[in-house]
Amino acid sequence: MGELAIAAMHRICKKAGAERVSENAAMQLAKVLEEIGIKISREAIDFAMHAGRKTVKAEDIEIAAKKVLSR
């Protein structure tokens, strides 16, 4: 089981307009979002380290997200 709550995945799908969401769909969304989150986090860590920091900042996440999601 991943880090993301399945109930939160149901809420995200409903917020996007879904009337009903299966448990498997919510679990798959959690898996996909966790994989994307890990990729973004790894990129953000690289940016922080390149800047000579151990702390990942919001700007690092923002830049990393743009890079990862544009692929």
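This is a predicted model: local features need pLDDT of at least 70, side-chain atom pairs count only at pLDDT 80 or more; totals for chains, interfaces and linings use all residues.
Local features need pLDDT of at least 70 and side-chain atom pairs count only at pLDDT 80 or more, while totals for chains, interfaces and linings use all residues. Residues are numbered from 1 along each chain as its sequence is written, and side-chain values use heavy atoms, with hydrogens and water left out.

The helices are DSSP runs (H or I, at least four residues), numbered from the N terminus.

| Helix | Residues |
|---|---|
| Helix 1 | 6-15 |
| Helix 2 | 23-50 |
| Helix 3 | 58-69 |

Let's start with helix 1. Ile-6, Ala-8, Met-9 and His-10 are buried there (under 20% relative accessible area, with a 1.4 Å probe and protein chains only). Skipping neighbours within four places in sequence, His-10 is in contact (heavy atoms within 4.5 Å) with Val-21, Ser-22, Glu-23 and Ala-26. The buried residues of helix 1 pack against helix 2. After helix 1 comes Gly-17, with a positive phi near 120°.

Now for helix 2 and helix 3: they pack at about 125°, with axes 8 Å apart. The axes are lines fitted to C-alpha atoms over the stretch in contact, and angles run from 0 to 180 degrees between N-to-C directions. That angle makes helix 2 oblique to helix 3, since under 35 degrees is roughly parallel, over 145 roughly antiparallel, 65 to 115 roughly perpendicular and the rest oblique. Among the residues that meet are Ile-36, Ile-40 and Phe-47 in helix 2, and Ile-61, Ala-64 and Val-68 in helix 3.

Notes: Helices (H or I, at least four residues) and strands (E, at least two) are DSSP runs, numbered from the N terminus. Buried means under 20% relative accessible area, exposed over 50%, partly exposed in between (1.4 Å probe, protein chains only).
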